[in-house]
Amino acid sequence: MQASKGKHGQHAAGEVLSAYDYGAMLFHWLIALLIIVQLVMGYAMQRVEAIAEPGRFVMMQWHKTFGILVLILTLARIFWRFANPPPEHAPMPALELMGARIVSFLFYALMLLVPLTGWWLVSVSPIDIATLFFTIPGLEWPHLPLESSEAAGHLASLVHRLLSYGFLLLLFLHVGGALKHVVIDHIPEMARIVPGYQLPRKASSPASRRFVWGMIVVLTLLGLGLGQLPRLLAPASTAGIEQKTELQSSNDTALDGWVIDYDASILSFGVDFSGAVKQGQIAAWQAQIVFDPDALDQAYAQVVVDAGSITYDDPYVSGAIPGDDGLDVANHPQIKVVLDQFTPQGETYQARGTLTIKDISLDVDVDFTYQEMEGQAHVTGQAQIDRRHFNIGTKTDGNGRYLGTTVQIDFVLMASRQSARQSASP
Ligand code: HEM
């Protein structure tokens with residue numbers, strides 16, 4: 001008898017084979033596809049040298065989402081299997097049947113354990129990068145509440161790797177067994193799980209269909225809900241540039257102050273993330289500047305930044321900025337720069353002073369150009385800091401594996417002269 005006879009559901013023994021229900025087929029092929037994509041992607045992102053950052057980083061983020069999907073779908077599939085028992089195997093030698101059942105059991109074990117160990121890995125890794133569901137900014141899948149450490153990260157990575165590649169062995173046995181049935185035994189076993197064949201099948205129960213859809217939705221929403229909790233429970237930021245009381249008055253100098261045109265001025269920063277320099281924006285800040293190129297000894301500048309207004313062109317970093325390993329905005333709503341030593345550097349200038357972030361005050365040098373025309377000043381400048389000196393991202397990525405350690409701050413200021421008397425008035 002030829003395999004083609006399987007279309008009619010008869011095998012060598014002449015008995016009619018039954019097919020899986022459509023729900024089981026859908027779960028089977030969807031999860032199989034995801035696992036194959038996961039294996040290829042996992043291998044590629046970890047071992048294919050030709051793939052550079054940021055490609056690796058992007059793959060890793062999708063890998064985490066697909067892996068969580070495998071976990072949710074597998075839990076739903078297990079329920080489905082209990083509610084809609086699979087059809088009997090075609091008759092086969094007892095040993096072969098036992099082999100098929102063991103492989104099937106191990107598949108289920110790995111479909112749970114591999115995503116769980118991946119989740120464990122990202123939860124204990126010292127590099128703490130959020131798992132954003134489908135990489136959507138703010139849609140955070142929670143990490144397991146475990147202590148992170150190098151040792152735990154290594155262990156989790158090893159277990160995840162070993163179990164992941166265990167899938168390859170099972171795939172080999174599973175596909176090999178199925179092919180043997182079709183090619184050698186002429187039993188159309190595979191037709192049982194492929195849609196389109198006209199084998200008899202039991203209908204799945206409508207109640208189980210509703211329950212399983214509900215289960216998938218509830219598990220997803222539960223995870224995502226828990227992922228939002230830390231943000232919702234964090235003490236509200238008291239940030240606000242309204243708290244600008246710290247801006248000092250400049251009426252202790254005889255020099256002219258400057259009125260900043262905030263709409264035309266830009267304060268921003270650049271830092272390397274995952275192999276590319278990306279930009280950060282500082283939306284709310286206030287500056288008070290007293291400057292005249294002919295009286296540098298009296299020049300003075302103070303800038304107060306609303307730490308809560310800082311964002312970055314990558315959702316993974318931007319989401320971490322307000323947190324305690326970021327700028328800890330709730331406890332330190334403002335960043336402050338005071339510059340009080342100005343020196344000429346040929347055509348340009350250097351200002352020296354103090355930058356205070358999270359109560360840590362360190363020296364900072366700012367290089368800038370200054371052009372003035374008819375009372376309008378155009379100033380461009382930059383400064384560099386090492387984020388680790390201000391305890392930024394030291395817990396999350398202290399070695400600069402993804403996030404560069406040097407942050408370049410850039411500014412463009414447009415300002416117009418204002419007499420000292422005017423600038424002293426409220
Ligand atoms: C069916 C699901 C999954 C499969 C088949 C799978 C497979 C793999 C594979 C083959 C690797 C490469 C191992 C290597 O050669 O070093 C890998 C690495 C990785 N996987 Fe998964 N994975 C799955 C789910 C997950 C999940 C759910 C997460 C996290 C939420 C995750 C996180 C990771 C991470 C972070 C790595 C990098 C390993 C390291 O840094 O050592 N995986 N995975």
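Predicted model: local features only at pLDDT ≥ 70, side-chain atom pairs only at ≥ 80, totals over all residues.
The expected span of a helix is 1.5 Å times one less than its number of residues. With 35 residues, H4 should span 51 Å, and its end C-alpha atoms are 50 Å apart, so the two values agree.

## Helix H4 and its neighbours

Along H4, the buried residues are Ala152, Gly153, Ala156, His160, Ser164, Phe167, Leu170, Ala178 and His181. These buried residues pack against H1, H2 and H3.

At the start of H1, a side-chain oxygen of aspartate 21 comes to within 3.0 Å of the backbone nitrogen of glycine 23.

Between H1 and H2 there is a loop that holds proline 54. The peptide bond leading from glutamate 53 into proline 54 is cis, with omega near 5°. For context, most peptide bonds are trans.

## Around the ligand

What surrounds the ligand? The shell has 24 residues, and the closest are Arg47, His63, Ser157, His160 and Tyr165. By class, 12 of the shell residues are nonpolar, 9 are polar and 3 are charged. His160, one of the closest residues, also belongs to the buried set of H4.

| Residue | Ligand atom | Distance |
|---|---|---|
| Histidine 63 | nitrogen | 2.8 Å |
| Serine 157 | oxygen | 2.5 Å |
| Tyrosine 165 | oxygen | 2.6 Å |

The elements giving two or more residues to this shell are H1 (22-47), H2 (55-83), H3 (94-124) and H4 (150-184). H1, H2 and H3 are also the helices against which the buried residues of H4 pack.

Leaving aside residues up to four places away in sequence, phenylalanine 368 touches Phe291, Phe342, Thr348, Tyr349, Gln350, Ala351, Val379, Thr380, Gly381 and Phe411.

## Serine 265 in its loop

Serine 265 sits in the loop between strand S3 (257-260) and strand S4 (266-273). Is serine 265 buried or exposed? Its relative accessibility is 8%, and the cut-off for buried is under 20%, so serine 265 counts as buried.

The side chain of serine 265 has two backbone partners to look at. One is the backbone oxygen of aspartate 261, reached at 2.7 Å. Another is the backbone nitrogen of methionine 414, at 2.9 Å. Beyond four places in sequence, serine 265 touches Ile260, Trp285, Val412, Leu413 and Met414.

Valine 218 lies in helix H5 (residues 206-233). Why does valine 218 count as exposed? Its relative accessible area is 54%, and exposed means over 50%, so valine 218 falls in that class. In sequence, valine 218 and isoleucine 72 are 146 residues apart, while their C-alpha atoms are 9.9 Å apart in space.

Most residues other than glycine have a negative phi. Phenylalanine 134, although not a glycine, has a positive phi of about 50°. It is located in the loop between strand S1 (131-132) and strand S2 (140-141), and its relative accessible area of 34% makes it partly exposed.

Asparagine 391 also has a positive phi, of about 55°. Its loop runs between strand S12 (376-386) and helix H7 (394-397). At 42% relative accessibility, asparagine 391 is partly exposed.

## The whole protein

How many helices and strands does the protein have? Its secondary structure comes to 8 helices and 13 strands. Of the 426 residues in the protein, 43% are buried. Among contacts with a separation of 6 or more, residues 24 or more positions apart account for 71%.

Conventions:
Residues numbered from 1 in each chain as written. Heavy atoms only, no water. Contact = heavy atoms within 4.5 Å. Near = heavy atom within 4 Å. Polar contact = N/O pair within 3.5 Å; in protein donor to acceptor, adjacent residues only side chain to side chain. Helix = DSSP H or I, 4+ residues; strand = E, 2+ residues; numbered from the N terminus. Nonpolar A, V, L, I, M, F, W, Y, C, P; charged D, E, K, R; others polar. Buried < 20%, exposed > 50% of the residue type's maximum accessible area, 1.4 Å probe, protein only.
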